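Please read the following briefing alongside the sequence and the coordinates. The notes are grouped by topic.

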Amino acid sequence: MGLDIGTTSVKAAPFATDGTMGAVRGAEYPLHEPHPGWAVQDPREVTDAVVRTLQAALADSPEAAGVSCSSAMHSLVGLGADDEPVTDLLTWADTRATEQAEALRADHPQLHARTGTPLHPMAPLAKLCWFRQQDPDTFRRVQRWAGIKELVLHELTGEWVMDHSVASGTGLMALDELAWDPEALELAGVRAEQLPRLVPAKELLDSPELGLPIVAGAGDGPLANLGVGAVRPGVAACSIGTSGALRLTAEHPGVDPQGRVFSYALTPGRWVVGGAINNGGVVLQWAGDALAPDLGEHPEAALLELAGEVPAGCAGLVMLPYLLSERAPHWSAVPRGAYVGLHRHHGRGHLVRAALEGVCQQLALVLASLRDAGNEVREVRATGGFARSGLWRQMLADALGMPVGFPEGHEGSAFGAALLGMEALGAVDSIDVAADLVEIGELVEPDAGAAAVYADLLPTFAGLYDALEPAFRALRGFTGG
């Protein structure tokens with residue numbers, strides 16, 4: 001049973017060793033934004049939804065041999081002496097620690113290379129610095145710090161453990177030693193005993209409540225690579241949902257010299273290197289709300305049709321799609337969205353297409369960063385809601401300048417978790433079987449003309465971030481961000 005604990009929903013999906021998927025159970029839970037930049041949840045609301053969903057899925061599949069876990073990365077919750085939450089659950093999208101992250105980037109840049117986690121407000125390290133500085137009373141009350149998966153595992157097993165993969169996204173674990181980093185702990189103001197015990201991804205835990213072994217599992221990003229069969233060197237996984245990401249499985253940890261990519265653990269000898277972007281499908285949703293309120297409640301199809309009537313490059317119009325600030329490759333909460341090159345002849349179709357192109361160009365910057373870090377990328381496999389659009393599929397292949405394969409449907413991270421669990425339980429010899437189990441349903445080749453346009457535009461797109469950063473900083477005072 002692959003259990004995928006996402007940011008706003010959970011899925012539990014059973015898989016056979018040949019990759020066949022059974023009935024999927026799921027549930028949603030809300031994300032609250034009580035203040036600008038805050039993105040939190042009620043931790044008990046989330047854990048209750050996860051446990052109920054898992055119990056229902058296991059009732060549907062009584063033959064299940066075990067449960068293996070995936071979860072969203074970078075979450076943080078503080079617990080009191082009774083192991084009850086004394087803070088909200090802060091998600092990766094919470095940017096309250098922007099100032100703390102910028103101070104860490106300026107004063108301790110070596111931490112990124114040592115821990116693999118960008119010094120960004122998403123990271124629990126920056127969040128802990130925020131609590132220490134901005135809410136010292138709560139900080140003193142907290143006896144234990146954990147994340148969402150650790151809460152669920154404790155609920156099911158009674159143990160406080162954190163797998164190496166999730167830990168590699170905290171900014172608190174040294175990659176070379178797979179142990180808590182002393183300098184990071186000192187900066188955060190926490191002791192190692194206040195954090196869960198570190199365990200390998202294939203660690204087996206006993207669950208008296210379920211009567212089944214539970215595999216600790218990994219983070220949803222690394223497991224998404226496994227879930228689409230991107231487990232061999234040179235094969236990257238790209239996803240565009242609400243946000244987006246481009247990740248590559250590597251044999252060694254490491255980031256590029258400019259600190260533009262992350263490096264997260266999967267299993268011994270397997271690391272996932274790449275970058276996540278904040279703005280994916282949310283950009284199309286924004287375009288519907290802001291540019292096309294006259295097109296009805298669900299204008300996406302009409303917007304894509306308008307965008308399809310505009311040539312690649314939008315007649316000189318570029319959009320920086322930083323509606324929710326940005327992560328890779330700049331790792332800053334400062335930027336805002338911007339149209340550049342707007343002219344009287346540009347219409348609604350140009351505005352929409354430029355927004356979609358901006359998402360794909362941002363992923364092209366991540367691809368360039370991966371290559372600059374010394375990684376070969378010879379194949380890309382893509383998933384996500386964007387793949388329902390033929391226009392967007394083609395645009396991604398054109399912007400990346402290489403063929404993009406679209407796997408036949410699997411529940412991504414849930415399938416990756418299940419495969420990891422199968423290896424841990426001895427049901428398969430190796431997670432390498434993923435490369436053979438996942439079939440490519442469609443391979444989209446780049447259009448030579450459009451690819452050339454995007455390649456010519458990419459340096460301008462990349463340079464606009466640096467050119468506009470002072471304006472982004474000046475405008476922060478007018479947005480409450």
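**Surface charge**

A negative surface patch is formed by D42, E45, D48 and D88. Patches are made of residues with over 30% relative accessible area and no salt bridge, like charges being joined within 9 Å and nonpolar side chains (Val, Leu, Ile, Met, Phe, Trp, Tyr) within 5 Å. This is a predicted model, in which local features need pLDDT of at least 70 and side-chain atom pairs count only at pLDDT 80 or more, while totals for chains, interfaces and linings use all residues. Residues are numbered from 1 along each chain as its sequence is written, and side-chain values use heavy atoms, with hydrogens and water left out.

- D42 is placed in the loop between β4 (40-41) and α1 (43-60), where helices (H or I, at least four residues) and strands (E, at least two) are DSSP runs numbered from the N terminus.
- With a relative accessibility of 36%, D42 counts as partly exposed; buried means under 20% relative accessible area, exposed over 50%, and partly exposed in between, the areas coming from the Shrake-Rupley method with a 1.4 Å probe and only the protein chains shown counting as cover.

**Salt bridges**

- A search of the whole structure finds 22 salt bridges, each defined as a side-chain nitrogen of Lys or Arg within 4 Å of a carboxyl oxygen of Asp or Glu.
- E84 forms a salt bridge with R44, with the closest N and O atoms 3.5 Å apart; this pair links distant parts of the chain, E84 being in the loop between β6 (77-79) and β7 (89-90) and R44 in helix α1, 40 residues apart.
- Both partners are partly exposed, E84 with a relative accessible area of 37% and R44 with one of 23%.
- R114 pairs with E183 in a salt bridge whose closest N and O atoms are 2.5 Å apart, and this pair links helix α3, which holds R114, to helix α8 (residues 182-188), which holds E183, across 69 residues.
- R348 and D294 meet through their side chains in a salt bridge (2.8 Å, N to O); R348 lies in helix α12 and D294 in the loop between α10 and α11, so the pair ties together parts that are 54 residues apart in sequence.
- R348 is partly exposed at 30% relative accessible area, whereas D294 counts as exposed at 56%.
- Salt bridges that share partners join R44, E84 and E155 into one network.

**Buried positions and their surroundings**

- Helix α10 (residues 281-291) has V282, V283, L284, A287 and G288 buried, and their cover includes α11 (300-308), α12 (348-372) and α13 (390-400).
- H112, in helix α3 (residues 110-115), is buried with a relative accessible area of 7%.
- Leaving aside neighbours within four places in sequence, H112 is in contact (heavy atoms within 4.5 Å) with T117, P118, L119, V255, G259, R260, V261 and F262.
- V51, found in helix α1, is buried with a relative accessible area of 10%, and V51 touches E155, L156 and E209, not counting residues up to four places away in sequence.

- R473 lies in helix α16 (residues 448-479) and is partly exposed, with a relative accessible area of 37%.
- R473 and V334 are 139 residues apart in sequence and 6.2 Å apart in space, C-alpha to C-alpha.
- Leaving aside neighbours within four places in sequence, R473 is in contact with E102 and V334.

Key. Lys, Arg positive; Asp, Glu negative; His and termini not counted. Charge placed at Lys NZ, Arg CZ, Asp CG, Glu CD. Buried < 20%, exposed > 50% of the residue type's maximum accessible area, 1.4 Å probe, protein only.
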